[in-house]
Structure formats: structure tokens, C-alpha cells
Amino acid sequence: ANSPPKLSTVVPQPNNPTTNDNLMVDYIFEDPDGDTEVRNEIKWFRNGVLQPEFEDKTEIPAKFTSRNEEWYFTVRASDGSAFSDLKTSSVVKIGNGKPKVSDLSIFPADPKTGDDLMIIYKYNDTEDDPELGTEIMWFKNNVHQPDFHNLKSVPAHATSKNEKWFCTVTPRDGIDFGQTITSPIVVIGNTKPEVTELSVSSSQVFRGKTVKIISKGKDVDSVDTLSTIKCQLYYRFGNTPRIELQSRYFENPETHYEAEFSPDAKASLGDYSFRVKFIDSSGGESDWFERTNLLKVENSPPVILNTADNFIVKEDNIAEFDLTPYGSDFESGKSVFWKLDPKSINTKLFNAVILRDKILEITPLDNKNGKSDITLILTDPDGGIAEKTDVTIIIDPVNDPPMAPTSVKITPESP
């Protein structure tokens, strides 16, 4: 005769389910005759109430359970000829579903030292519990950074070029922690330097003189101080090709680069434009910083020497003085032109003219002597002018020999 099967160890699985877990039927089927299980009858109960929609179901999806519910099932199984006794499982209580984190990343994915690091992730909780108490840990070069514990961002000033950063997130719904997730690693990239100022020590310069070109900037990468940065400085006149100027680094009065611009005698007159950029140790280049018409090159005026003074002329004599040694021009050398201010000539003492653009001729008036200042004017081929207003002309007196009288008169006529 057929012997009915027996069931043992009738329990729901898992033993400690949460709202994240499916509930499953679990038991051991034994048959004395060695028959296999052909069919079974299963009934599920929630908080002691039959759930007919799950009749004969060996698994209940997690979405149909809620926290703190108590579930169990009854089962009997058949070997095809007879059913086992009806068995009731142990009761399990649905626990809190642990929150989950997904799509964890650090933004930006290719950060520079000027970027804040921010974490982005999706939080999910089966019971829709709000996120509360999530633990965030940051790591730099595999070393935990406690200063940023539980912060969702790391400020840019805390990072440096070539550092490797990642974070871990352990979500919490105020009740339980979920599984810890680790973000991808990001490497702090190079931030290009920045030019902040391009200026000159003077807005104009004469040919032959020197003006300083000053460049200032910054680099947020701590390894790239201004002293390690290469400065490229160029100038040009109009649309002519750019010419590079060599710059030197200075610490005082504040960190800067400095170049000297010294236009020569042939430099074009007018406005010059300058531009500069910085290049850091990783080859990162700043944007060009350009100033058009930053500096004006002007003609260097001619020069009259102080020795152009005290020209001495004998009374009643005409004298000529070559003024060539007394004046010069940076651009043209001695190719200058002398003039007189006619209003400065004391015509009661002498007359003065310039001959052949360089000879000063002094003609004293008859029997006049003394001294008086004149104004000499020197011009160059570019229109530059210099004046000297205190050029003294000295008319030296001459001792005239005595002359015999043309007639003699004796008085009284009849002594």
C-alpha cells in the first residue's frame, strides 16, 4: 500500500526578510516509498489573514510586503496518490528595507584644481524613507580625509594637480545603513595659468630711453608658482610682425614679470601693442592677454649742451660761432638745425643771425658794449625742438686810441 509523504523544516525564506526581499516557500519533502513530489497546496497569511491571491505561489515579490508585517504559510504536498499532513510554517516579520545607492560618481569627471569635487548618486528606499544619516568618506591618494567627512563636496583649494580622489557612500534611511558603494577615481588635472595684468611704467617713451613692461598672473595649482611659470611677451607696431621681449621674474613689491622696452633710433613713432601669456610646468597655456596701443614711442628731442653760453665778441667786431659742438640728436646725430628767437635779441646792443643752420653771427652796434641773453632753438629732422634761453652774448669793450682835435680855440681872443 502507498504511504503518504511527510514534510519537515517548513519555513519562509529568508529567515529575516526585509521589504527588499522576496518571500519564498521552503520545506523538506520525504516519501517512505521513494515517490517524488507531484504537487502541493500552499496558502499565505499576512498578519493572520489569508491572502488568496497568492494561493499555491512558492514566492511572493517584495513589493507586496511592508515593514513590520508578519507572514507565514501552510502547505501540504502529494506524491500523486496521497497528500501529506498540512504543515504551518514559522512566522517571519518583515524588517526595514535597507536603502540603496546607485550611479555614484564624482563631478566633474575630469576635474582641474580650480574645480570643486561634488558627488552625485541616486538614493532609493523601498519604503520611500527619506535619506537620513548617510555616511560619506573622501580619500586622497588612498588616504582617508576626515576633514571632509559626510560632505558632498570638496573645495577646490583642498586639491592639487595629479592627486587621485574617490569617495565611498553608505546610505542610511534613519533606521539602517545600506551597502557601501565606492565611486570611480578622478585625477586632478592641470589648470592653466591666468594673466591678470599687463601694464607699463610709463605710457610713453622716447627713442633711446627705456620703459618697463610688467606682467602679473596666477595659477591655482600649488606646484605652479609664478616663479616656475614661463612668460611669453610680444610687441608690435601696427600690423608689423610681433617681436618677443625677454622677461625676468621679480618678487617685490609683489610677484611679477618685467621686461625692458628700449626703442632704438630707427623705431617707428606711434602706438605699440603688447600681448602676454603664461605657460606652466605641465605645458598649460593661459589665454593671450593683449593691450592695444599700450605704449607710445615718441621722437627723442635734440639736446643743447649747457656749454652753449658766454659767447664773447669784441666791440665793433663781427664774430661767428660754429654751434655744431653744442647740440646733438639721438636719432640723427649732428644733423640738426639751429635757429634764433628774434624776440630775444637785444638790438640796442647787437644783431644776431644763424647762417647755414649752424653758424651764429653776432654784429655789435658801433661803440656799444655789455652783455645780454638770447634764445637758441635746436630742431631735428623729426620736428623735435629744444630751447636754451640763457645763452649770454658778451660784447667786450675796446679801448679806442685818443684822437687829435680838429680845431683849437683860445679864449679870450684878446688877452
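Is Tyr272 buried or exposed, and what is its relative accessible area? In this predicted model, Tyr272 is buried, with a relative accessible area of 4%. Because buried residues are those under 20% relative accessible area, the value of 4% places Tyr272 in that class.

The aromatic pairs of the model number 19. One of them joins Tyr235 and Tyr272, whose ring centres lie 6.2 Å apart with the planes at 45°, so this pair is tilted. Tyr235 belongs to strand 20, which spans residues 230-237, and Tyr272 to strand 24, which spans residues 270-279; the pair therefore ties together parts that are 37 residues apart in sequence. Both Tyr235 and Tyr272 are buried.

Tyr272 also forms an aromatic pair with Phe237, again of the tilted kind, with a centre-to-centre distance of 5.2 Å and an angle of 45° between the planes. Since Phe237 lies in strand 20 and Tyr272 in strand 24, this contact ties together parts that are 35 residues apart in sequence. Whereas Tyr272 has a relative accessible area of 4% and is buried, Phe237 has a relative accessible area of 28% and is partly exposed.

Elsewhere, Trp44, Phe54, Phe64, Trp71 and Phe73 form one aromatic cluster. Aromatic rings also take part in arrangements with arginine. Arg76 is placed over the face of Phe83, at 4.0 Å from the ring centre. Likewise, Arg275 is positioned over the face of Trp288, with a distance of 3.9 Å from the ring centre.

Backbone geometry was examined next. Gln13 and Pro14 are joined by a cis peptide bond with omega of about 0°, and Pro14 is located in the loop between strand 1 (6-13) and strand 2 (23-30). A cis peptide bond also links Asn252 to Pro253, with omega of about -5°; Pro253 occupies the loop between strand 22 (248-250) and strand 23 (256-261).

Positive phi values occur at two asparagine residues, Asn47 and Asn141. For Asn47, which is not a glycine, phi is about 50°, and the residue lies in the loop between strand 3 (39-46) and strand 4 (49-50). Asn141, likewise a residue other than glycine, has a positive phi near 50° and is found in the loop between strand 11 (135-140) and strand 12 (143-144). With a relative accessibility of 42%, Asn141 counts as partly exposed.

Conventions: Residues are numbered from 1 along each chain as its sequence is written. This is a predicted model: local features need pLDDT of at least 70, side-chain atom pairs count only at pLDDT 80 or more; totals for chains, interfaces and linings use all residues. Side-chain values use heavy atoms; hydrogens and water are left out. Rings of Phe, Tyr and Trp (its six-membered ring) pair if their centres lie within 6.5 Å; planes under 30 degrees apart count as stacked, over 60 as edge-to-face and the rest as tilted. Helices (H or I, at least four residues) and strands (E, at least two) are DSSP runs, numbered from the N terminus. Buried means under 20% relative accessible area, exposed over 50%, partly exposed in between (1.4 Å probe, protein chains only). A charge sits over a ring if NZ of Lys or CZ of Arg is within 6 Å of the ring centre and within 35 degrees of the ring normal.
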